[in-house]
Amino acid sequence: MQTKSFLDKISGVRGYREQIVRAEYLPAQDAECGELAEPLPEPIRQMLAAQGIEQLYTHQVSAIDAVRVGENVAVVTSTASGKTLCYNIPVIERLLSVPDSRALYMFPTKALAQDQLRGLEKLVGGAKVLELKAGTYDGDTPRSRRRALRDEANIIMTNPDMLHCGILPNHSRWAHFIERLDFVVIDEIHSYRGIFGSNVANVIRRLRRICRHYGNQPVFILCSATIGNPGEHAETLLGMPVKIVDNDGAPRGPKTFVLWNPPYLDETRMARRSPNIEAQELMTRLIADHNAQTITFVQSRVTAELLYRYAQDALAEEDPRLREAIRSYRGGYLPEDRRAIEKLLFNGDLMGVISTNALELGIDIGSLDASILVGYPGTIASAWQQAGRAGRRSDESLAVLIAREQPIDQYLAHHPEYFFGQNVERAIIDPENPFILYRHLRCALQELPLTGRDAELFGKHTGGVIEILADEGQAKEIKGAWYWRGPTAPALDVGLRTTDDNNYVIQRTDDGQVIGQIDEWGAFSMLHDEAIYMHEGATYFVERLDLGERVAYVRSGDYDYYTMSVDRTEIKLLDVPEEPPLETQWRASQAGYGPVEVTSLVYMFRKIKFYQQDSIGFGNLDLPAQVLDTNAVWIVPNREALRRVRSFHHDPAEALYGISNAVLGVLPLYVICDRSDIGATVNSSNLASPAIFIYDRYPGGLGFARKCYDLLEEIFTAALKLMEECPCTSGCPSCVGAPLPLEQPTAENIETRGLVPDKEAAICLLHDMLELEPYTPSLPPGYESPPLSGRSDIPVATVDAPPLPITPLPEHIARKIRAQIHELQARRRHR
């Protein structure tokens with residue numbers, strides 16, 4: 001497409017208000033090719049020539065040479081750089097020389113595995129270099145097909161979930177395959193982060209253990225988008241050394257990448273125009289005026305359905321036929337529906353799609369013209385992945401990142417050089433988290449007896465977890481080895497993508513059809529009684545959320561509003577002798593890191609008219625609280641800094657809320673995490689003084705809060721920069737972030753949640769915390785007197801350090817694990 005023509009036209013229309021803050025032109029890049037240490041066999045040269053490939057890029061050469069000598073490699077290059085050849089060529093080369101060889105390809109989703117199978121069949125089938133016996137082995141594979149694949153296939157494509165619960169527990173049936181397994185390919189490893197990545201790391205350790213049992217040690221070939229710590233992440237994922245290949249030699253077509261900031265609604269500069277409306281207008285103009293096939297990425301399922309509805313209405317006004325030219329795509333759809341949408345896109349039968357990150361990964365949906373990102377997707381790697389879905393070949397393409405009012409979005413809008421110039425994000429996983437580990441040790445025991453040698457694979461908590469399982473009657477020691485004595489198929493008790501095994505199904509009341517599923521917190525926040533749930537552009541009223549059966553009963557209808565849940569959070573420090581907190585003096589503040597208990601409750605919901613932000617009603621909810629044992633970092637400003645804020649007639653509590661929101665906003669710039677991975681609150685009851693808490697939203701923590709503890713200086717400095725450079729005067733959602741919570745929320749005072757924290761107070765306090773030149777805030781309206789002086793009633797923080805006994809597994813973790821085991825047993829009895 002002609003991107004300059006489009007941008008010139010869009011910036012000249014009525015209503016344009018300088019939304020384009022940066023249009024970065026990325027010129028085409030020529031290919032850099034290399035020569036292998038040993039030339040390819042002639043059949044492979046012919047196979048590549050049939051695809052128009054005469055030379056290999058430098059990164060492909062480096063990866064193939066390393067794999068040939070038995071090194072584990074991780075290829076870290078840009079989108080559409082030909083990473084698949086880095087593993088397909090070595091695998092096919094081995095099959096030519098050793099026809100009985102085997103390879104296992106693992107992709108994060110079933111859709112990607114099926115897409116890669118089509119690509120492999122096209123690559124090999126064109127030249128007929130060998131008799132390829134390949135297939136996908138996942139939950140959609142017919143049972144009649146599974147045995148043939150297991151016994152005859154030389155390449156099997158699967159996903160972590162099927163490897164975890166379908167292959168490893170039945171490894172004796174796979175002995176023929178595993179004994180001959182030469183290569184394990186793991187694609188898109190940047191997506192294996194947080195709870196999902198920590199679970200997958202344990203699945204890989206179980207796979208390595210079983211391969212060792214059969215006398216085998218395959219070579220691992222990993223692929224990833226660019227991240228800040230590829231070597232560390234790859235080695236933590238595998239549990240062994242990995243060679244990084246990042247000398248990207250692939251060519252790229254020209255791309256224009258636009259940072260687009262919605263304009264303020266009025267002169268108060270407190271709120272910006274909705275990014276969804278901006279996206280709808282851009283998408284409409286791209287499709288209707290420029291015939292540009294467009295993909296729009298959004299952050300949530302609700303937004304996908306909301307924007308789908310907006311775009312359909314807008315396109316129908318341009319041409320009624322265009323109403324059916326777009327679709328929405330997200331998790332929760334049935335597999336056959338997702339496959340149909342992918343096919344329509346690939347064949348060019350759709351002009352547009354609104355998707356969550358479900359289409360971010362490398363599914364081949366053809367060469368699109370434009371990519372719109374509604375909000376920063378959480379990482380620079382993801383942003384470039386999503387932008388790369390357009391112009392995946394040599395054609396000119398357009399990418400537009402529309403900033404939301406979130407602090408991180410506004411930080412990038414004001415610092416485009418950060419986005420275009422560097423990448424400091426780090427992927428974080430913690431395979432040794434005891435709440436994750438115990439689930440996989442139950443699976444490992446069922447697969448093979450466990451010995452002391454296995455502690456090298458699973459880490460320092462192995463012995464402590466096994467002792468708990470023995471106490472619960474699920475493990476028994478016989479002659480130095482531990483054997484499984486629990487229920488059959490423990491792998492079925494473990495979901496890899498969440499720590500919450502309590503998924504809810506969504507069922508229509510008129511015909512009983514199941515239209516999707518969702519985790520428990522999602523059910524509480526999106527499918528509570530009287531909620532409006534959106535699915536494929538249609539609206540459903542939730543008649544009842546059955547907590548016992550874990551079913552949300554919905555009925556379809558034409559509703560002109562949607563609902564948003566309201567929740568609150570409380571936090572409590574845990575006194576754990578076995579796990580004393582880390583404590584340090586950070587400048588003039590006290591900082592700490594350790595175990596906490598977080599209690600979250602969805603207690604109310606708001607009704608909001610489509611295309612508006614005003615509430616038209618409220619409703620109270622009676623749902624159970626969710627209690628989470630995790631880790632947090634806390635920062636306690638000194639007494640003088642808090643007193644100084646109050647001396648200018650500002651509230652120190654508002655300063656703390658503003659700082660915590662800003663810190664939460666910029667933290668994903670330093671650690672690869674989703675916004676839902678971390679939480680923040682302000683609390684005075686734990687440390688006898690007001691304190692900021694940043695916590696992991698997973699049992700036992702995953703390392704996000706710990707990374708914040710290690711990078712306090714950098715993160716709090718970025719938070720100050722975010723606030724000082726925001727053009728608002730007293731605070732807005734773009735800098736000091738989310739609205740203030742209410743101590744006693746009711747339907748009558750819920751609207752006061754719209755009041756954002758005091759920006760002037762936050763800057764004043766943060767200057768003192770960072771020991772910068774003191775900042776003098778403006779006085780609040782109605783105050784003309786000089787600053788207050790004298791004593792403050794803010795108490796001094798005093799915390800007695802607990803003793804430091806060391807045990808293999810802290811008792812509070814052991815208790816929680818025992819409780820979870822009992823819950824699993826009760827759930828099995830119920831089923």
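Buried means under 20% relative accessible area, exposed over 50% and partly exposed in between, with a 1.4 Å probe and protein chains only. Helices (H or I, at least four residues) and strands (E, at least two) are DSSP runs numbered from the N terminus. This model is predicted, with local features needing pLDDT of at least 70 and side-chain atom pairs counting only at pLDDT 80 or more, while totals for chains, interfaces and linings use all residues. Residues are numbered from 1 along each chain as its sequence is written, and side-chain values use heavy atoms, leaving out hydrogens and water.

**Exercise 1.** Find which residues of helix α1 are buried.

*Solution.* Step one: go through residues 3–10, where T3, F6, L7 and I10 are buried. Step two: look down the axis of α1; the buried residues fall within an arc of 95° (taken from the directions from the helix axis to the C-beta atoms), so they line one face of the helix. Step three: recall that an α-helix has 3.6 residues a turn, so residues three or four places apart point the same way. Step four: see what covers these residues; the cover includes β1 (20–26), β11 (255–260), α11 (275–290) and β16 (397–402).

**Exercise 2.** Work out whether Q60 is buried or exposed, and what its side chain reaches.

*Solution.* First, locate Q60 in helix α3, residues 58–68. Next, Q60 counts as buried because its relative accessibility is 2%. Then follow the Q60 side chain to the backbone oxygen of G82, at 2.9 Å. Finally, leaving aside neighbours within four places in sequence, Q60 has contacts (heavy atoms within 4.5 Å) with S81, G82, L85 and C86.

Notes. Polar contact = N/O pair within 3.5 Å; in protein donor to acceptor, adjacent residues only side chain to side chain.
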